[in-house]
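Open the model in your viewer and colour it by secondary structure.

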Amino acid sequence: ILPQIQVSNSLAFGQERVGQTVQGTITFSNTGNDTLHLANATLAQPSSRFTLGTYDQTVLPGATGTFQITYAPNQRNLDNAKLLFTSDDPSHLADTILVSGQGIQAIFTSNHGTDSTWDDFGAAHVGRTARQTFAFSNTGDDTLFLQSPTIVGNDFSVISEPASLALAPNQSGSVVMQFAPTSEKLYKGTLLFTASNGVPAPTVTLLGTGALPHMAVANNHETVDLGQVKVNASTTRNFTVANNGGWELNLSSAAATPAPFSIGTWPTIVAGNSTGYVAVTFAPTATGTFTGTLVIAGDDASNPSDTIFLTGTCIESALSIDPVNVDFGLVPVSNSVRDTIKLSNTGTASVNINSYTLSPQAGTFTLVGASPTQVSAGGTAFVIVSFRPDGAGNYSGTLTLTADETSAPTRTISLS
């Protein structure tokens with residue numbers, strides 16, 4: 001008579017959650033006709049997550065016995081071990097049973113960026129609200145069980161929870177938060193997640209800054225002189241609009257009145273802590289002194305508009321020529337005589353003389369020396385013309401001046 005053992009060659013625990021302990025049983029039977037004796041049972045463990053408990057060492061014919069094995073995974077991993085034992089079954093004096101299991105765990109992974117511990121709302125307008133979405137996913141291989149997220153900080157709130165508080169592997173979720181500042185300052189809060197089964201979840205620091213626009217126009221309530229401008233000319237000056245607040249300033253209007261003052265380019269938005277420029281043009285068409293105002297308005301509740309007082313003077317030249325007819329008289333052939341033409345400016349602006357043209361261009365009449373190119377206001381200048389006849393007879397010609405006067409840009413002097 002002999003004992004005979006019949007037993008499976010493996011025990012597979014399958015997937016088990018990290019941190020939990022499960023019990024497994026290997027059942028064997030004695031199909032022989034003599035008592036079966038087992039001894040020297042031990043686990044050869046590449047992994048220390050398996051523990052051998054009690055086992056039956058004596059089994060009568062036709063009866064069954066068991067090995068008790070505990071599996072306690074402590075990380076996400078595939079675990080394997082071998083159960084070794086001996087028996088008095090001549091055909092199974094030494095036996096090996098393979099033991100396996102897989103530790104699984106959910107992993108809370110932020111999809112918010114490189115630093116999942118911060119969420120900055122940036123600047124938000126005082127009295128209004130700003131929203132941010134904190135997105136996350138389960139990158140593990142077990143279901144992620146969450147409690148409802150909470151926020152510490154009165155000016156932050158959760159307005160939308162995740163669609164599900166139980167996320168399967170590779171499933172995503174998100175929390176929509178709101179920031180409602182009541183004053184201009186830096187706010188801090190904390191977004192708290194709690195996960196079950198020992199899964200770590202982040203504590204997210206929330207930041208936000210309450211901000212408003214603050215308009216500051218340079219030269220506010222001052223008188224600014226745009227200077228002297230000639231008739232039908234113009235000058236443009238830029239006025240600085242600073243936004244000293246942390247929120248963008250919206251300019252609703254910019255007006256320079258009355259004519260000859262007018263608005264050129266101006267920004268509709270001045271970003272926080274930056275400057276913009278409003279262009280004002282002074283373009284008079286008649287002489288005199290002019291006054292006006294520049295009014296700039298925006299959405300700064302504490303300073304909705306600023307006013308600058310404008311002034312400018314229109315000037316004009318008044319060029320007179322003496323004489324306008326130059327008669328050199330009788331001059332011997334091949335002799336030279338000179339005459340002087342006086343240019344007088346009785347106006348309030350200088351006059352620029354752009355060109356002198358003699359006609360005929362070559363011959364007996366010539367300009368002597370460098371002729372003046374500008375006559376200042378109230379000033380005089382002189383042009384010298386030479387006459388040298390090369391034969392007997394009467395001679396005539398003209399000297400033409402072009403200037404930047406509006407009333408008489410071209411003047412002609414007769415020569416004889």
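**Stop one: an open sheet**

Select Val 217 and look across to E22, where the bridge partner is Val 241. This is a predicted model, where local features need pLDDT of at least 70, side-chain atom pairs count only at pLDDT 80 or more, and totals for chains, interfaces and linings use all residues. Residues are numbered from 1 along each chain as its sequence is written, and side-chain values use heavy atoms, with hydrogens and water left out.

Now show E20 with strand E22 (residues 235-243). They pair in the antiparallel sense over three bridges. Strands here are DSSP runs (E, at least two residues), numbered from the N terminus; two of them pair if DSSP finds at least two bridges between them.

The open sheet of four strands reads E20-E22-E26-E24, with antiparallel pairing. Strand E20 (215-217) and strand E24 (261-263) stand at the edges with a single partner strand each, so one side of each has no neighbour in the sheet.

**Stop two: strand E36**

Jump to strand E36 (residues 397-403). Which residues form its covered face? Gly 397, Leu 399, Leu 401 and Ala 403 do. Thr 398, Thr 400 and Thr 402 make up the uncovered face.

Select strand E32 (residues 351-359). Six bridges join E32 to E36, and the two run antiparallel. Pick Thr 357: its bridge partner in E36 is Thr 400.

Finish on strand E37 (residues 410-415). It is antiparallel to E36, with six bridges. Leu 399 stands opposite Ile 413 in E37. Trace the hairpin from E36 to E37: six residues make the link.

Notes. Buried < 20%, exposed > 50% of the residue type's maximum accessible area, 1.4 Å probe, protein only.
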